[in-house]
Amino acid sequence: MENFDYGIIGGGPAGYTAGMLLAKQGYSVVLFEKDKLGGTCLNRGCIPTKSFIHSSEVFATLMHAGEYGISFDNINFDFSKVVEKKDKTVEKVRKALELSVKNSGVNVIYKEAHIVDKNTISTNEGNYRVKNIISACGSKPRELKGLEFDGEFILSSDDILNIKQLPKKVLIVGSGAIGIEWARILSNFGVDVCILEACERLLPIADIEVSKRIERIFKQKGVKFYLNNTIKEIKDKVVVLANGDTVAPDFILSAAGREAVCANDSNCKLLGDACGKIQLAHFAIHQAAELVLGVPYNKQYTPSVIYGEPEIAWMGLREQDCDESYTIKKLPVSALGKAWCDNSIEGFIKVITKGNKIHGAHIISKEASALIHTFLVAMENNLSINDLKKCCFAHPTYSEAIYELLLNL
Ligand SMILES: Cc1cc2nc3c(=O)[nH]c(=O)nc-3n(C[C@H](O)[C@H](O)[C@H](O)COP(=O)(O)OP(=O)(O)OC[C@H]3O[C@@H](n4cnc5c(N)ncnc54)[C@H](O)[C@@H]3O)c2cc1C
């Protein structure tokens, strides 16, 4: 039986990050992956969806090329090529990851693994003796009662990656990150999109003003949505809602969250989505770094990002969490010269402060995924507003909105 310092189950962001960091520290590591390295993030999550988003946005931008002084005779897309581009992207990123993991000295075993006891991991080819076990088995799409995935009419976020052609009409159940991103992809390609949300606003986890603005943007784009509503029944592929309305989609994308795949096991340390807490790739990576390197961090300051045009990003307190002791300042993106150059004037940057400190930031803007990190660095390091004001933000950029906001505090 082979002996290792660490046995890791799961080769997603949590597992491969922990494995490579441990190997770098000189530990012998064996990592078990039953499918492909990169996990949900690389193979079924972050990366494939962002490739689809980008293709759909290139198309949407070209449809308005005239606004940039550019003309085309025929603008069209071939969905099979869009899928091909997504597949190539995932493959290239995975090949690079496989090489990095190999070069780090981690031993990868492509087998389903199980914990036997606190020092033994088994596969169908035998047992491995390890001093420590890390379980980073990830999560799977949550199935709602009455909306069990069948891969044809009721699709999960995994299933939708395999569609060969676009639907004419789709019903998306749930308006979290996955639901919003797919609504953007499909509507950019001209699909008739309808979202069903059980809560009273879209993107219910976000700042209330962010939700309201997304609702406005979706209305302008012709994306329909039902709030405070659920499915009463489905008859012959016609969805009857609780309020009596009916929707007849080609299929339903059920995007109602994810659930951890492995229950807590006292024989191991759990990492990433398997913890069932914050199910984000960067959280999984940071957790792995905290475990191996002892880098402390404030989980409350984990940024959330939703991709598409305009991007949405936030962290920290939301407006609905604050009492009058907090100050809330907002700057519209239309105040920025760069935004006008890019034809991206939709959105705002909003900051929540108390005294001389930042407690929350909420952004709807092109480049929001990058902008949020200025707030992250400030909040995580307890920098004051005055510390940030010392920084000379470049012009013309979206970042200078942060500086302008701070000057007004
Ligand atoms: C559509 C979609 C879009 C997303 N977009 C984003 C995004 O933009 N940003 C973001 O931060 N997050 C995003 N996420 C979430 C992100 O993918 C997860 O948070 C991240 O993958 C979690 O990493 P992990 O390592 O904990 O688990 P996973 O990535 O799920 O990896 C777990 C791995 O363990 C393997 N495994 C499980 N059981 C066993 C076993 N018994 N033996 C061997 N191997 C096993 C699985 O095959 C899998 O490869 C998205 C998710 C989805 C579904």
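# Ligand shell, domains, strands and cores

User: What classes of residue make up the shell around the ligand in this model?

Analyst: In this predicted model, the shell around the ligand divides into 15 nonpolar, 14 polar and 6 charged residues. Of the 35 residues around the ligand, G10, G12, G39, G138 and G272 come nearest.

User: What makes a residue part of that shell, and which helices supply at least two residues to it?

Analyst: The C-beta atom, placed from the backbone, must lie within 6 Å of the molecule. At least two residues of the shell come from each of helix 1 (13-24), helix 2 (39-43), helix 3 (46-63) and helix 7 (281-293).

User: How is the chain divided into domains?

Analyst: The domain assignment gives domain 1 (2-140 + 258-293), domain 2 (143-254) and domain 3 (301-407). The centres of domain 2 and domain 3, taken over C-alpha atoms, are 29 Å apart. Their contact takes 12 residues from domain 2 and 12 residues from domain 3. On the domain 2 side, helix 5 and helix 6 (208-221) each supply at least two residues, and helix 6 gives the most, with 6 residues. By class, that side of domain 2 has 7 nonpolar, no polar and 5 charged residues.

User: Why is strand 22 called largely enclosed?

Analyst: A residue is buried if 20 or more other C-beta atoms lie within 10 Å of its own. In strand 22 (residues 357-365), 8 of the 9 residues are buried, so the strand is largely enclosed by the rest of the structure.

User: How do you know that strand 22 pairs with strand 19 and with strand 21?

Analyst: Pairing needs at least two bridges. Strand 19 (residues 311-316) and strand 22 have 6 bridges in the antiparallel sense, with A313 opposite I363. Strand 21 (residues 348-354) and strand 22 are joined antiparallel by 7 bridges, and I352 has G360 as its bridge partner. Both pairs therefore pass the cut-off of at least two bridges. Strand 21 and strand 22 also form a hairpin with 2 residues between them, and G355 in the turn has a positive phi of about 60°.

User: What else does I363 touch, and where does I363 stand in the largest nonpolar core?

Analyst: Leaving out residues up to four places away in sequence, I363 touches A313, W314, I349, A368, L371 and I372. The largest nonpolar core has 65 residues, and I363 is among those with the most contacts inside it, along with I172, W182, I195 and L253. The largest share of this core, 7 residues, comes from helix 5 (residues 177-188). A second, separate core of 42 residues includes L37, I133, C137 and L271.

User: Why are strand 12 and strand 14 called edge strands?

Analyst: They belong to an open sheet of 3 strands with the order 12-13-14 and antiparallel pairing. Strand 12 (231-235) and strand 14 (246-247) each have a single partner strand, so one side of each is left without a neighbour in the sheet. Strand 12 pairs with strand 13 (residues 238-241) over 4 bridges, and E233 stands opposite V240.

User: Which hairpins does strand 5 form?

Analyst: Strand 4 and strand 5 form a hairpin with 2 residues between them. They run antiparallel, joined by 3 bridges, and D117 stands opposite T120. Strand 5 and strand 6 form a hairpin with 2 residues between them. That pair is antiparallel over 4 bridges, and S122 stands opposite N127.

Note on methods:
Residues numbered from 1 in each chain as written. Predicted model: local features only at pLDDT ≥ 70, side-chain atom pairs only at ≥ 80, totals over all residues. Core = buried A, V, L, I, M, F, W, Y, C linked by C-beta atoms within 7 Å. Buried ≥ 20, exposed ≤ 12 C-beta atoms within 10 Å, placed from the backbone. Contact = placed C-beta atoms within 7 Å. Nonpolar A, V, L, I, M, F, W, Y, C, P; charged D, E, K, R; others polar. Domains from an automatic or database assignment.
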